[in-house]
Amino acid sequence: MVVGHNYYYQLVPPLDGFSKEEELVCKKIVDKDGKIIAGCDAYVYAWGGCYVDDMWVDEKYRRHELGSHALQAVEKAVEERGCHIIFLGTWDFQARPYCEKHGYQVFATIHDCPKGHIDYHLFKLVDKNAPKRQLKPIDYEVVDGSEEDVEFICDQLDNGYNAKHLDSKHPYIKINRKLVNEKGEVVAAIMAGNDDIDVAWVWKIWVDEKYRHQGLGSLLIKHFEKKAKEKGATKILSEEVYDWNVGFFLKNGYKIAGELKDLPKGHSYFTLEKDL
């Protein structure tokens with residue numbers, strides 16, 4: 001059992017015209033002094049999917065559809081790029097109704113993530129012929145943003161709006177582990193950790209082909225779960241799980257929180273959860 005993009009691309013090659021490396025799409029709105037007052041950033045992936053990572057509007061400028069203009073600009077850019085699906089995540093105190101007004105549908109609902117909150121994952125199929133939500137004109141221009149702008153938007157969202165609702169307990173805790181053979185060669189590894197709100201994440205888990213089907217992956221994930229719980233996590237999530245490796249996680253007690261079909265085309269992308 002292997003998790004890793006190189007292995008994935010052996011199974012399902014990138015779509016024509018798409019790169020194995022994620023591509024940033026960032027749209028921002030600035031005031032007359034050049035200060036960012038709204039922005040949206042997203043990432044395009046090799047199989048024609050786009051993940052909207054952050055969307056933020058300065059408190060003084062909310063309820064004037066600036067965020068909607070930035071989001072639609074991102075959607076237009078990824079549509080022109082050739083993407084066929086867009087997805088994103090939002091908590092119960094954030095923007096589920098707002099996203100639904102823009103045509104997104106919930107495909108995963110995760111309770112107590114973190115404790116006392118619900119984490120929603122939504123998607124929308126890209127259709128150039130679908131009617132767009134009509135927006136009021138604004139007195140600002142939507143322009144391209146940079147990686148530095150993404151950092152600013154993310155910081156404003158995390159340390160401003162989100163901080164009013166979430167209790168950030170500590171910096172991200174890495175719990176990466178590896179297994180080596182008698183020669184000291186790495187034969188299996190897991191990349192995982194606890195985020196600042198005590199939700200644990202399995203990012204990648206890998207076993208060398210010669211050592212598969214011996215329980216090494218399960219050994220690593222059980223070790224991680226024990227350490228994550230000791231450090232305060234109450235729930236584990238894993239994303240970027242697909243139909244070719246979801247069985248491994250189900251065998252280890254994970255539950256399917258949501259399924260996104262046709263990512264990549266002809267396959268399914270899963271969001272998985274496990275309570276500790």
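Is Lys-169 buried, partly exposed or exposed, and what is its relative accessible area? Lys-169 is partly exposed, and its relative accessible area is 47%. The model discussed in this report is predicted.

## Lys-169 and Asp-167

Lys-169 takes part in a salt bridge with Asp-167, in which the closest N and O atoms are 3.3 Å apart. Asp-167 counts as exposed, because its relative accessibility of 52% lies above the 50% cut-off for that class. Lys-169 is classed as partly exposed because its value of 47% falls in the range between under 20% and over 50%.

## Other salt bridges

In total, the structure holds 14 salt bridges. One of them joins Glu-75 to Lys-124, with a distance of 3.0 Å between the closest N and O atoms. This pair links distant parts of the chain: Glu-75 belongs to helix α2 (residues 66-81), Lys-124 belongs to strand β6 (residues 118-125), and the two are 49 residues apart. Glu-75 and Lys-124 are both buried.

A salt bridge also connects the side chains of Arg-96 and Glu-100, at 2.9 Å from N to O. Arg-96 and Glu-100 are separated by about one helical turn, because they stand four residues apart in helix α3 (residues 96-101).

## Surface patches

Which residues form the negative surface patch? The patch consists of Glu-21, Glu-22, Asp-53 and Glu-240. Within this group, Glu-22 is located in the loop that runs between α1 (5-11) and β1 (23-30). Glu-22 has a relative accessible area of 47% and is partly exposed. That value meets the requirement for a patch residue, because membership calls for over 30% relative accessible area.

A nonpolar surface patch is made up of Tyr-172, Met-191 and Trp-203, which together have about 300 Å² of accessible area. Tyr-172 is found in the loop between α4 (147-161) and β8 (173-174). With a relative accessible area of 38%, Tyr-172 is partly exposed.

## Buried positions

Where does Asn-252 lie? Asn-252 is placed in the loop between α6 (246-251) and β13 (255-261). Asn-252 counts as buried because its relative accessibility is 5%, and the class covers values under 20%. A polar atom of the Asn-252 side chain lies 2.9 Å from the backbone oxygen of Phe-248.

Val-52 is part of strand β3 (residues 49-57). Its relative accessible area is 6%, and Val-52 is therefore buried. Between Val-52 and Leu-71 the separation in sequence is 19 residues, while the C-alpha to C-alpha distance in space is 8.7 Å.

Methods:
Residues numbered from 1 in each chain as written. Predicted model: local features only at pLDDT ≥ 70, side-chain atom pairs only at ≥ 80, totals over all residues. Heavy atoms only, no water. Patch = residues over 30% accessible without salt bridge, like charges linked within 9 Å, V, L, I, M, F, W, Y side chains within 5 Å. Areas by Shrake-Rupley, 256 points an atom, 1.4 Å probe, with all protein chains shown as cover. Salt bridge = Lys/Arg side-chain N within 4 Å of Asp/Glu carboxyl O. Lys, Arg positive; Asp, Glu negative; His and termini not counted. Charge placed at Lys NZ, Arg CZ, Asp CG, Glu CD. Buried < 20%, exposed > 50% of the residue type's maximum accessible area, 1.4 Å probe, protein only. Polar contact = N/O pair within 3.5 Å; in protein donor to acceptor, adjacent residues only side chain to side chain.
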